[in-house]
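Thanks, everyone. Let's have the structure up, and then I'll walk through it.

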Amino acid sequence: MNGKKVKKEEFNPSGSGDIFRDFGFSEQESAALNIKACFFRKLQEALKESNCTQVELAAKLRIAQPKVSDIINGKMAGLSVERIVNLLLRLNYVIGLDAHPAPAGARGGVVDLAEKRDRGYLVS
């Protein structure tokens, strides 16, 4: 998944609503990356909206201050979904997940992120 090179003909400049699919990732890779990105954006928002300094956040999260800066500046490298979720838990967030079979006749294999649903589209 990491470091995947995208062939020029695989790139979709008009966009499908799923940037990872647009860059040629498989449905499974795209789903995993969308989940990670969703949690990462929540973590970024939490850090930016706090009234704490980066040093205070680093102490609260038990990570180095430069890593706090990296997160605030959108650097997701080196962070797993599990680590991001643990950081959100240290900030007293509630993590909600659900999985269920698709209704009869409906397409399965869809990652239904609340933030995407609220904008009127799903990630598949």
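One term before we start: contact means heavy atoms within 4.5 Å. Helices are DSSP runs of H or I with at least four residues, strands are E runs of at least two, and both are numbered from the N terminus. Buried is under 20% relative accessible area, with a 1.4 Å probe and protein chains only.

This is a predicted model: local features need pLDDT of at least 70, side-chain atom pairs count only at pLDDT 80 or more, and totals for chains, interfaces and linings use all residues. Residues are numbered from 1 along each chain as its sequence is written, and side-chain values use heavy atoms, leaving out hydrogens and water.

The overall picture. The protein has six helices and zero strands. Of its 124 residues, 31% count as buried. Take contacts between residues at least 6 apart in sequence: 53% of them join residues at least 24 apart.

Now H4, residues 65–72. Which of its residues are buried? Lys67, Val68, Ser69, Ile71 and Ile72. They pack against H2, H3 and H5. Just after H4, Gly74 takes a positive phi of about 85°.

Next, the largest nonpolar core. That means buried Ala, Val, Leu, Ile, Met, Phe, Trp, Tyr and Cys residues joined through side-chain atoms within 4.5 Å. This one has 18 residues, and Val68, Ile71 and Ile84 are among those with the most contacts inside it. H2, H3, H4 and H5 each supply at least two residues. H2 gives the most, with five.

Last, Ile84. Leaving aside neighbours within four places in sequence, Ile84 contacts Lys36, Phe39, Phe40, Leu43 and Leu79.

Key. Buried means under 20% relative accessible area, exposed over 50%, partly exposed in between (1.4 Å probe, protein chains only).
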